[in-house]
Amino acid sequence: MDMSSIGRNIRKKRLAKSWKQDILAGKAEVTGTYIGMIERGEKVPKLETLVRIINALGATADEILEGVINRGYEVRMSEYMEKIGSLPKEEQNRIFDVLDVMLEHRGRNQH
């Protein structure tokens, strides 16, 4: 299991906020050196620390654990399908129409 992806994902989210390591460290109540070690894959944070980092970044566990866990998006999709399934058919069709347009647009932009 490649735990270094956790650090890469943390770094990506931190840079998206234009934060230096020390800013994230302060918000997560750890040292800048420790954030650097996590980002380089030298250390894997304890759960409590990881939760503080995720909350400081305003990220989701799925975003940070992407590449480590396989089930996160499957669970989310299952929850969405359950919610959609409880809606009237007309509303379900509207949601699926929106998804169709979004997926079609995404497909065009990737080529």
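Me: Which residues of α1 are buried?
Reply: The model is a predicted one, in which local features need pLDDT of at least 70, side-chain atom pairs count only at pLDDT 80 or more, and totals for chains, interfaces and linings use all residues. Residues are numbered from 1 along each chain as its sequence is written, and side-chain values use heavy atoms, with hydrogens and water left out. Buried means under 20% relative accessible area, exposed over 50% and partly exposed in between, with a 1.4 Å probe and protein chains only. By that cut-off, the buried residues of α1 are S4, S5, I6, G7, N9, I10 and R14.

Me: What covers the buried residues of α1?
Reply: Helices here are DSSP runs of H or I with at least four residues, strands are runs of E with at least two, and both are numbered from the N terminus. Contact means heavy atoms within 4.5 Å. The cover over the buried residues of α1 includes α2 (21-28), α3 (32-39), α4 and α5 (61-65).

Me: What distance does α1 reach from its first C-alpha to its last?
Reply: The expected span of a helix is 1.5 Å times one less than its number of residues. α1 has 13 residues, for which 18 Å is expected. The value in the model is close to that, at 19 Å.

Me: How are α1 and α4 oriented to each other, parallel or perpendicular?
Reply: Axes are lines fitted to C-alpha atoms, for helices over the stretch in contact, and angles run from 0 to 180 degrees between N-to-C directions. Helix α1 (residues 4-16) and helix α4 (residues 47-57) pack at about 25°, with their axes 10 Å apart. Angles under 35 degrees count as roughly parallel, over 145 as roughly antiparallel, 65 to 115 as roughly perpendicular and the rest as oblique. α1 and α4 are therefore roughly parallel.

Me: Which residues make the contact of α1 with α4?
Reply: The crossing of α1 and α4 is left-handed; a crossing is left-handed if the near helix is turned anticlockwise from the far one by less than a right angle, and right-handed if clockwise. By class, the contact has five nonpolar, no polar and two charged residues, where Ala, Val, Leu, Ile, Met, Phe, Trp, Tyr, Cys and Pro count as nonpolar, Asp, Glu, Lys and Arg as charged, and the others, Gly among them, as polar. The residues are I6, I10, K13 and R14 of α1 with L50, I53 and L57 of α4.

Me: Which residues touch I53, leaving aside neighbours within four places in sequence?
Reply: I53 is in helix α4 and counts as buried because its relative accessibility is 0%. I53 and I10 are 43 residues apart in sequence, yet 8.0 Å apart in space, C-alpha to C-alpha. The contacts of I53 are I10, L24, A28, I35 and I38.

Me: What is the handedness of the crossing of α2 and α4?
Reply: α2 and α4 pack at an angle of about 115°, with their axes 8 Å apart. The crossing of this pair is right-handed.

Me: Which residues make the contact of α2 with α3?
Reply: The two helices pack at about 105°, with axes 8 Å apart, and are therefore roughly perpendicular. The contact is made by Q21, D22, L24 and A25 of α2 and by G32, I35, G36 and E39 of α3.

Me: Which residues are in contact with E39, leaving aside neighbours within four places in sequence?
Reply: E39 is in helix α3. With a relative accessible area of 7%, E39 is buried. Its contacts are G7, R8, I10, R11, R14 and Q21.

Me: Is S18 buried or exposed?
Reply: S18 lies in the loop between α1 and α2. Phi of S18 is near 60°, a positive value in a residue other than glycine. Its relative accessible area is 65%, so S18 is exposed.

Me: What is the phi of E29?
Reply: E29 is in the loop between α2 and α3 and is exposed, at a relative accessible area of 62%. Most residues other than glycine have a negative phi. E29 is not a glycine, but its phi is positive, at about 65°.
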